[in-house]
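Subject: Structure handover

Hello,

Here is the structure I promised to pass on. Please open it next to this email; my notes follow below.

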Amino acid sequence: MALGRSREKSGQSSFRGSRIAAAIVIGVIAGCVFAFLFPHGFFSANPSAQTNSNLEVDPASCESSEKIDRIKSDIMKLSDKNVELKRQVRELNEKLRLAEQVKGHAREQVITLSEPHKAGPFGTVKGLRTNPTVLPDETVNPRLAKILSEVSVRKELIVCIANSNVKSMLEVWFTNIKKVGISNYLVVALDDAIVDFCKSNNVPVYQRDPDEGIDSIGKTGGNHAVSALKFKILREFLQLGYSILLSDVDIVFLQNPFEHLYRDSDVESMSDGHNNMTAYGYNDVFDEPAMGWARYAHTMRIWVYNSGFFYIRPTVPSIELLDRIAYRVGTEANAWDQAVFNEELFFPSHPGYVGLYASKRTMDFYMFMNSKVLFKTVRKDANLRKLKPVIVHVNYHPDKLPRMKAVVEFYVDGKEDALESFPDGSE
Ligand SMILES: *[C@@H]1O[C@H](CO)[C@@H](O)[C@H](O)[C@H]1NC(C)=O
């Protein structure tokens, strides 16, 4: 019995012994794995507590097991993948941040347009003014698309349309653009002489393919015929997904305009106005004494936007604007493109007419200065003389070239009396 028992005992104890051995092996393996997975300890979030960890195991003691090596290398691969994924996520976030900066209010657009919203508390609601940009369509003009991809910066560029009649002003135009350090600009040449002139001066130039007969307008047409062409040409730029800062040739650049844009509206334009009221809008009271008690009729007034210098974003309302102008300037007798530009932007819908629903912004009239502001106000005011505008547009004066040169002398060369010899207006 005793023997039997002892045999029984020894059988039990050897069984127990192998179970203990197995438990130790499992324990050590588990220890290794946990030590690898939780090098800073199981319960402590504090990395400095790792030396107190009960789970610390010398990894060298486990190296013999192939299985552990395999697990280790699997974990290694996983953690490598994790690092790579995290890097990709970081990169995407950075791209997203930049995209949001460039597009300004892109996220607001998505939120506002994607689903219905409650209005929110008093003073917190904002209408959408930054319309979403169109999907670029390169098939419209692959050759232009290639040029724009090379010339533009952040999908923006200055565009000027020129023929040989304005060659000398064009030279002042691009000389000052270069001086300011702007690289994203392009001359749309309407004749071969301008192409050659630009190329010999290292100025980015684009000439349209001769088509549709509209190019003959560019060569021979008067100012207003060229104006209609301008809006058709600009349409392609927008279709390709670029924001354009359209610039007439009678403009002197003194700072980089891209550092002074808001980019929150379809059209951001310089004004023909000369003070806060005329540039930004005011209540103009019309007096009709015969009406007695109701003799005062209130009207809204604003000096027109200048269609020779505006920033236009590639949105549906922007393209609709260009189409409306091109159509009217091309079909109506005596349509002046600047008048049409403003009528389309500002006249509301009414019976028989659907107005354009574009958002608009008036540029600071001291920073984007017309020549009336310069010659009537600024040059006579000691404080305003110290201010350096972004551009000066010699739009109010027919003697454009000498005034452009005087603007350069005054603002760039520091010649204090450069503007003095000119009268306020034309004589
Ligand atoms: C014109 O408006 C600006 C802000 O738009 C303001 O700072 C300035 O004081 C105003 N000037 C006058 C004369 O009202």
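**The seven-stranded sheet**

Strand S6 (residues 267–271) and S10 run parallel, joined by 3 bridges. One of the paired positions is Val267, whose bridge partner in S10 is Lys360. Please keep in mind that this is a predicted model.

S6 and S10 belong to an open sheet of 7 strands. The order is S3-S2-S1-S4-S9-S6-S10, with mixed pairing. Which strands stand at the edges? They are strand S3 (205–207) and strand S10 (360–362). Each has a single partner strand, so one side of each is left without a neighbour in the sheet. Direction ignored, neighbouring strands are turned by 30° against each other on average.

Two helices lie across parts of this sheet. Helix H6 (residues 192–200) lies across strand S1 (156–162), strand S2 (185–189) and S3. H6 runs at about 160° to S3. H11 lies across S6, strand S9 (305–312) and S10. Its angle to S9 is about 60°.

**H10 against H11**

H11 also has a helix partner. Helix H10 (residues 316–331) and helix H11 (residues 337–346) pack with their axes 10 Å apart, at an angle of about 135°. That angle makes H10 oblique to H11. The crossing is right-handed. On the H10 side, the contacts come from Leu321, Arg324, Ile325, Arg328 and Val329. In H11 they meet Asp337, Val340, Phe341, Glu343, Glu344 and Leu345.

S11 and strand S12 (residues 391–393) run parallel and are joined by 3 bridges. Asn370 stands opposite His393 in S12.

The buried residues of H14 are Arg403, Met404, Ala406, Val407, Val408, Phe410 and Tyr411. They pack against the strands S5, S11 and S12. They also pack against helix H5 (167–180), helix H12 (371–377) and helix H13 (382–386).

Leu113 is in helix H3 (residues 106–114). Leaving out residues up to four places away in sequence, Leu113 touches Leu128 and Pro132. Leu113 and Pro132 are 19 residues apart in sequence, and their C-alpha atoms are 9.6 Å apart.

**The whole chain**

The protein chain has 14 helices and 12 strands. Buried residues make up 38% of its 427 residues. Among contacts with a separation of 6 or more, 70% join residues 24 or more positions apart.

Best regards

Notes. Residues numbered from 1 in each chain as written. Predicted model: local features only at pLDDT ≥ 70, side-chain atom pairs only at ≥ 80, totals over all residues. Heavy atoms only, no water. Pairing = 2+ DSSP bridges. Helix = DSSP H or I, 4+ residues; strand = E, 2+ residues; numbered from the N terminus. Buried < 20%, exposed > 50% of the residue type's maximum accessible area, 1.4 Å probe, protein only. Contact = heavy atoms within 4.5 Å. Axes fitted to C-alpha atoms, helices over the stretch in contact; angles between N-to-C directions. Parallel < 35°, antiparallel > 145°, perpendicular 65-115°, else oblique. Left-handed = near helix turned anticlockwise from the far one by under 90°.
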